[in-house]
Amino acid sequence: MTNTDTDALYLHPDRNLAMELVRATEAASIRAYPFIGRGDKLAADGAAVDAMRAFLTTVNFDGVVVIGEGEKDEAPMLFNGEHVGNGRGPACDIAVDPIDGTSLTAAGRQNALSVIAVSDRGTMLDASSVFYMDKIVTGPEGIGVIDIDRPIGDNIRALAKAKGKDVSDIKVAVLDRPRHVGLIEEIRAAGAGTRLLLDGDVAGGINAARYETRTDMCVGVGGSPEGIVTACAIKALGGLIQGRLLPKTDEERQRAIDAGLDVDRIYEADDLVRGNNTMFVATGVTDGGLVAGVRKKGPIIRTESLVLRSRSGTIRRIVADHIADKWF
């Protein structure tokens, strides 16, 4: 192999990286398993963080955490700016969420995931200075059809026409929050149905972009880090995502401006994550519409994971059995 070939290999995430990273999400989900339904979301998250970080140190890549557990003084592990991996391999930006849905895990509810998203170094938007983002996500049919600035009723009718469906058959996922009471009323007034999410809008967005689900659209205000993670998956699925940052205070707005962010801009998929070399890996913690949760079956622990890669356009499901004695 020539030096040029070698340089190219190490500049971009290769095809085996996602299969390595799934070991880290599996580990985080398995370690969180004993805390499902135990009411202690911090303990669940701590166990998942420890496991994910331990496995990431063994992976052949040089990752920089763009979206992590927080700033270094608040999160000693997987903090923003931390280098992960063994340093030998492709240079990447990485977003991690050891448990997307810690409250879901603590309550024993559905749709908790362990998530990692990866892109080429320098391509992932760092939106960590603004906590909230208003988002809209659909499948490929929404491209050129949906506009986050339009009333939700107009978007629902436009998507229904693009998909060849009746408006009454359109299902819209939205986080069940007081801030969304008016939005939910508008969706129903337009004639569409809602799928209210207790938490975990990453899964909601991905399901909106997948062809085999009953969710057509995911809308509303959620975390901006989740928006970046979702964008990595959407690029692999060929769907649409639009988002606008929503600073809640003047101080947060100024932090965004100081970080080079535009709070008036509509961010598209290519603005949230540039290029066409993204990977998204998720393992179920609890059962959900995206993947099954961790299950203990006698001497083994079974996990289900979803691996998406934009460059190849592949969607893989991985069911793995792990010897329980090696974990507990």
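**Note on the predicted model: helices, strands and salt bridges**

1. E20 and R23 both sit in helix 2 (residues 17-32), 3 residues apart, which is about one turn of the helix. Helices (H or I, at least four residues) and strands (E, at least two) are DSSP runs, numbered from the N terminus. This is a predicted model, in which local features need pLDDT of at least 70 and side-chain atom pairs count only at pLDDT 80 or more, while totals for chains, interfaces and linings use all residues. Residues are numbered from 1 along each chain as its sequence is written, and side-chain values use heavy atoms, with hydrogens and water left out.

2. E20 and R23 form a salt bridge, their closest N and O atoms being 3.1 Å apart. A salt bridge here is a side-chain nitrogen of Lys or Arg within 4 Å of a carboxyl oxygen of Asp or Glu. By this rule the count comes to 17 salt bridges. E20 is partly exposed at 30% relative accessibility, and R23 is partly exposed with a relative accessible area of 30%. Buried means under 20% relative accessible area, exposed over 50%, and partly exposed in between (1.4 Å probe, protein chains only).

3. In helix 5 (152-163), R157 and D154 are joined by a salt bridge of 2.8 Å, N to O. These two residues are 3 residues apart, so about one helical turn separates them. R157 is partly exposed at 42%, and D154 is partly exposed at 29%.

4. K163 and D216 also meet in a salt bridge, at 2.7 Å, N to O. K163 lies in helix 5 and D216 in the loop between helix 7 (201-209) and strand 8, so the pair ties together parts that are 53 residues apart in sequence. K163 is partly exposed at 27% relative accessibility, whereas D216 is buried with a relative accessible area of 2%. Elsewhere, D62, D93 and R121 belong to one network of salt bridges that share partners.

5. Strand 3 (residues 91-100) is mostly covered, with 10 of its 10 residues buried. Strand 1 (residues 62-67) runs parallel to strand 3 and is joined to it by 5 bridges; I67 stands opposite A95 in strand 3. On pairing, two strands qualify if DSSP finds at least two bridges between them. Strand 4 (residues 113-120) pairs with strand 3 in the antiparallel sense over 7 bridges, and S119 in strand 4 is the bridge partner of D93.

6. D45 is found in helix 3 (residues 41-56). D45 is buried yet has no salt bridge, and K41, the nearest side chain of opposite charge, is 9.1 Å away. For charge, Lys and Arg count as positive and Asp and Glu as negative; His and the chain ends are not counted. Leaving aside neighbours within four places in sequence, D45 is in contact (heavy atoms within 4.5 Å) with E69, P98, I99 and T102.

7. L183, I184 and I187 are buried in helix 6 (residues 181-189). They cover an arc of only 100 degrees around the axis, which puts them on the same side of helix 6. The arc is that of the directions from the helix axis to the C-beta atoms. The face turned away from the buried side of helix 6 carries the exposed residues E185 and A189. Just after helix 6, G191 takes a positive phi of about 105 degrees.

8. K248 is placed in the loop between strand 9 (240-245) and helix 9 (250-258). K248 is exposed, with a relative accessible area of 53%.
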